[in-house]
Amino acid sequence: MAAADTEMYRKEKSLQLRSSSAALYNNLSVLRRPGRPLACCCAVHGPGLSLVSADADGTGFSHRQLQAKEGSMALSASLLTQAAWCVLPSRVLLVLTSQKGIQMYESDGSIMVYWHALDVTEHPPAQAVFARGIAAAGGRFICVGTSSGLVLVFDIPPKGTNITVSEVLEQHHDAITDIAAELGQAPDGAGDLVTADDAGTLCVWSTGEEFALLIKIPAFGCTCSSVKLWNGIVAAGYGNGQIRLYEAATGLLSAEVNAHARWIYALDVAPQTGKLLSGAEDSFVHVWKLSRDPDTGDVEIEHCHAECVTDTQVCGARFCDPEGNSFAVTGYDLSEIFRYSRA
Amino acid sequence: RVDEWTDVDRKRVMNDIITTMFNKKFMEELFKPQELYSKKALRTVYDRLAHASIMRLNQASMDKLYDLMTMAFKYQVLLCPRPKDILLVTFNHLDAIKDFVHDSPGILNQVDETFRQLIETYSCLSAGEFQLIRQTLLIFFQDMHIRVSIFLKDKVQNSNGRFVLPISGPVPWDNDLFLRMFNRNGDEVKRTEFTTDGNYVTPQREGSFELYGDRVLKLGTNMYSVSRPVETHMSGSSKNVASRAKENIAPNPLAKEELNFLARLLGGLEIKEPGGSETGFRLNLFTTDDEEEHAALTRPEELSYKVINIEATQ
């Protein structure tokens with residue numbers, strides 16, 4: 001039995017960006033500021049990043065452009081692969097990953113506080129070299145992935161620039177695509193971080209002084225381009241348009257959704273309600289609802305809303321509030337951020 | 001002067017360009033792992049190839065031809081249903097090229113050699129790796145929205161220069177719109193469906209990645225198999241002048257490395273200069289010479305290609 005839309009979202013006025021968005025996975029980051037009606041947003045253009053934020057009094061918008069750092073041997077312009085705000089208890093950092101390394105800024109992008117150059121010799125010759133996959137974890141760390149499958153764990157002090165690499169996780173053999181930390185409450189025994197790679201392998205970790213691999217979920221033949229972790233549920237988006245849900249504690253498959261007709265580029269979760277957002281190259285953005293059956297504890301998913309962003313290959317999608325009453329979308333080659341909110 | 005071309009001339013130009021393009025040394029350079037070309041570099045190589053024979057184009061016609069090529073290729077890369085289809089698009093290109101030189105076994109052999117090299121180099125890449133290649137190519141095409149008549153007429157491009165993305169047609173995978181839920185024993189316990197405006201069907205078969213075969217995919221086949229007028233429109237170009245301006249200002253070390261690379265690449269191109277006794281002729285992509293001249297003078301600054309002049313020797 002086919003279900004029609006259970007919720008309606010209507011399109012709001014778009015936010016303008018100073019440059020168009022590149023076709024990169026998870027190409028939209030949104031920073032919600034307490035007490036401010038609107039968020040800050042950023043999307044990667046290619047060699048640069050476009051930031052837009054609402055002014056404090058809500059009357060206008062500020063724009064800022066950040067560039068990929070060239071590195072010491074400036075043979076060619078570097079390209080950014082991703083940008084994301086990392087919210088830690090003591091501070092918020094804006095992290096940019098590129099073909100050359102990792103740049104960390106104060107949350108408004110005004111000052112770079114840390115630069116980590118990728119070691120090119122660590123990568124096999126004739127392979128693309130880049131960093132990709134960004135997440136704040138364990139209230140103290142920022143994890144960043146690389147094209148060789150490594151995950152670098154950075155220890156972030158409450159303030160200042162004394163950022164160090166505390167650990168390097170070596171479980172993936174393919175380029176990291178996305179990293180996600182637990183957004184809700186992890187059930188007992190479940191990990192609080194998940195990493196995903198180009199082959200589709202997922203690793204679930206527990207974070208801390210030393211990270212421990214708890215579960216490895218094997219690939220089934222498709223790239224996992226985006227991953228989220230909420231209340232012990234791993235939500236993974238794949239290149240064949242599927243969303244799969246796994247139990248973080250056991251690695252078992254809980255649900256399989258043929259969600260999109262093309263490659264999925266972005267997933268997001270609204271932590272207060274368990275709403276799931278998915279965006280793909282097929283021009284569609286879908287809103288789903290995650291839950292657990294109160295008797296069996298089994299994971300359930302239902303479809304809430306389908307939005308067709310006409311003639312747009314969606315590359316980024318994020319909820320703008322913790323309940324999931326509004327969301328923002330970016331598309332390849334477009335200089336705007338589409339916004340939708342509950343009618 | 002177009003009506004003075006004979007079939008012999010056409011054949012000559014076609015053979016010369018294809019021979020030059022598939023030159024062994026040139027291909028060797030192309031197959032080396034390398035960064036994405038800058039727009040300047042690609043345009044320079046394109047210029048050289050277009051002038052590999054007795055045909056000449058003025059700046060305006062050259063710009064127009066290049067615009068057409070880039071927008072057509074952007075369309076093909078953007079609309080590939082699966083990332084690996086960019087290889088099928090390339091095979092469609094090569095199949096068409098082989099047809100142009102089907103009666104010249106020497107040149108045909110060169111093209112087949114390249115075909116084999118492509119199969120060897122790319123067939124084993126994963127979908128994720130193809131997607132990375134495709135994403136990198138899409139960076140090259142970002143912010144290009146030149147309108148092409150044939151695309152506007154066929155309704156594959158909107159009047160704002162953006163391509164139409166269909167939400168119906170064949171899906172690359174078996175995607176019925178189902179949600180399946182499993183319990184901890186792995187049994188399917190619930191199944192629901194959802195609807196969208198899209199109207200997708202499963203495809204019949206996959207295209208062939210062999211030297212010969214039905215590619216199935218239509219992207220990359222001859223757009224002009226039905227003859228139609230060729231026009232591109234300059235107005236309605238990208239508003240993002242700031243981002244383009246930054247790209248044209250390259251710091252010195254960057255430019256030097258790129259020039260070295262281009263010199264190596266073009267060094268492999270054996271260019272025939274028309275001799276004193278040979279009659280070369282000029283291809284004008286506009287309706288009159290005046291129109292061509294006017295186009296050259298009125299081309300928007302942000303769309304100028306700034307070709308690098310290289311006298312490349314071995």
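This is a predicted model: local features need pLDDT of at least 70, side-chain atom pairs count only at pLDDT 80 or more; totals for chains, interfaces and linings use all residues.
Residues are numbered from 1 along each chain as its sequence is written, chains are lettered from A and ligands numbered from 1 in the order in which they are written, and side-chain values use heavy atoms, with hydrogens and water left out.

**The chain B side**

For salt bridges (a side-chain nitrogen of Lys or Arg within 4 Å of a carboxyl oxygen of Asp or Glu) I found a count of five between chain B and chain A. One that I looked up is formed by B:R184 and A:D298, whose closest N and O atoms are 3.6 Å apart. I then listed the elements that give two or more residues to the side of chain B that touches chain A, and these are α4 (59-79), α7 (127-141), β4 (178-182), β5 (188-194), α9 (241-248) and α10 (252-267) of chain B; helices (H or I, at least four residues) and strands (E, at least two) are DSSP runs, numbered from the N terminus. The most comes from α7(B), with 10 residues.

**Extent of the interface**

Taking contact as heavy atoms within 4.5 Å, I recorded 55 residues of chain B in contact with 64 residues of chain A. About 4,700 Å² is buried between the two chains, 52% of it on carbon and sulfur atoms, where buried area is the accessible area (1.4 Å probe) that two parts lose on being put together, summed over both.

**A strand pair across the chains**

Strands pair if DSSP finds at least two bridges between them, and I found that β22 (residues 253-258) of chain A and β4(B) pair in the antiparallel sense over three bridges. Within β4(B), B:M181 is the residue opposite A:A255.

**Two sheets in chain A**

I traced an open sheet of four strands in the order β23-β24-β25-β26 of chain A, with antiparallel pairing. Its edges are β23 (264-270) and β26, and because each has a single partner strand, one side of each is left without a neighbour in the sheet.

Inside this sheet, β24 (residues 275-280) and β25 (residues 284-292) of chain A pair over five bridges, with A:K289 in β25(A) as the bridge partner of A:K275. Their hairpin has three residues between the strands, and A:S283 takes a positive phi near 80 degrees there. Next, β25(A) pairs with β26 (residues 299-308) of chain A over nine bridges, where A:H286 stands opposite A:A306 and A:L290 stands opposite A:I301. Six residues lie between these two strands in their hairpin, and A:G297 in the turn has a positive phi of about 80 degrees.

I also noted a second open sheet, again antiparallel and of four strands, in the order β2-β29-β28-β27 of chain A. The edge strands are β2 (9-16) and β27 (314-319) of chain A, each pairing on one side only. Here β27(A) pairs with β28 (residues 326-331) of chain A over five bridges, and A:G331 in β28(A) is the bridge partner of A:V314.
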